[in-house]
Amino acid sequence: AVTLATFVMPSATPRPRQDNRAVLDALNRCVAACELCADACLDEADPAMMVPCIRLDRDCADICRLTAAFIARGSAHAAHVLKECIEICQKCHDECAQHTHEHCQRCAEACKACLDACRAHAS
């Protein structure tokens with residue numbers, strides 16, 4: 001009989017699960033902050049001015065979700081996705097940091113924390 005224990009998850013850089021916890025937490029916090037920011041931007045006085053922020057929030061949330069999934073399952077492609085995640089998180093951070101709205105500032109902070117966690121995980 002084949003059991004789940006029979007399968008070994010392939011990984012370019014095998015890591016104990018606990019080593020992934022910090023990066024997975026940061027990725028998930030970034031997803032939440034980006035989703036909240038995008039939604040709050042729609043309620044601003046001039047949402048058209050917030051379009052670049054909203055688009056980056058959505059892209060960042062999506063790449064963070066995908067990256068978390070790849071890391072959690074030990075995908076051999078996690079390193080490649082992680083590199084893209086770092087790039088998009090940096091862009092989202094830079095965009096949100098330009099705005100004075102509290103939700104944008106919180107999103108910029110979450111993106112920065114995610115960047116730091118992703119860079120540490122990649123090294």
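This is a predicted model: local features need pLDDT of at least 70, side-chain atom pairs count only at pLDDT 80 or more; totals for chains, interfaces and linings use all residues.
The secondary structure of the protein chain consists of four helices and zero strands, and the elements follow one another from the N terminus in the order α-α-α-α. Of the 123 residues in the protein chain, 41% are buried. The chain exposes about 7400 Å², of which carbon and sulfur atoms supply 57%. When contacts between residues at least 6 apart in sequence are considered, 70% of them join residues at least 24 apart.

Two packed helices are described by the angle between their axes and by the distance between those axes. For helix α2 (residues 51–72) and helix α3 (residues 78–97), the axes come within 9 Å and cross at roughly 155°; angles over 145 degrees count as roughly antiparallel, and α2 and α3 are therefore roughly antiparallel to each other. The crossing of this pair is left-handed. On the α2 side, the contact includes Pro52, Cys53, Leu56, Asp57, Asp59, Cys60, Ile63 and Cys64, together with Leu66, Thr67, Phe70 and Ile71, while α3 contributes Ala78, Val81, Leu82, Glu84, Cys85 and Ile88, as well as Cys89, Lys91, Cys92, Glu95 and Cys96. Divided by class, the contact of α2 with α3 comprises 17 nonpolar, one polar and five charged residues.

The packing of α3 against helix α4 (residues 102–122) is described by an angle of about 155° and by axes 8 Å apart, and α3 and α4 are therefore roughly antiparallel to each other. Here too the handedness can be assigned, α3 passing α4 in a left-handed crossing. The contact of α3 with α4 has 15 nonpolar, four polar and two charged residues.

Two residues of α4 were examined individually. Glutamate 102, which is found in helix α4, has a relative accessible area of 57% and is exposed. The C-alpha atom of glutamate 102 is separated by 9.0 Å from that of cysteine 37, although the two residues are 65 residues apart along the chain. Histidine 103 also has its place in helix α4, but with a relative accessible area of 11% histidine 103 is buried, the cut-off for this class being under 20%. Beyond its neighbours within four places in sequence, histidine 103 is in contact with Cys37, Ala40, Cys41 and Glu44. For one of these residues, alanine 40, the C-alpha to C-alpha separation from histidine 103 is 6.9 Å, across 63 residues in sequence.

Technical notes. Residues are numbered from 1 along each chain as its sequence is written. Side-chain values use heavy atoms; hydrogens and water are left out. Axes are lines fitted to C-alpha atoms, for helices over the stretch in contact, and angles run from 0 to 180 degrees between N-to-C directions. Angles under 35 degrees count as roughly parallel, over 145 as roughly antiparallel, 65 to 115 as roughly perpendicular and the rest as oblique. A crossing is left-handed if the near helix is turned anticlockwise from the far one by less than a right angle, and right-handed if clockwise. Contact means heavy atoms within 4.5 Å. Ala, Val, Leu, Ile, Met, Phe, Trp, Tyr, Cys and Pro count as nonpolar, Asp, Glu, Lys and Arg as charged, and the others, Gly among them, as polar. Buried means under 20% relative accessible area, exposed over 50%, partly exposed in between (1.4 Å probe, protein chains only). Accessible areas come from the Shrake-Rupley method with a 1.4 Å probe; for residues, only the protein chains shown count as cover.
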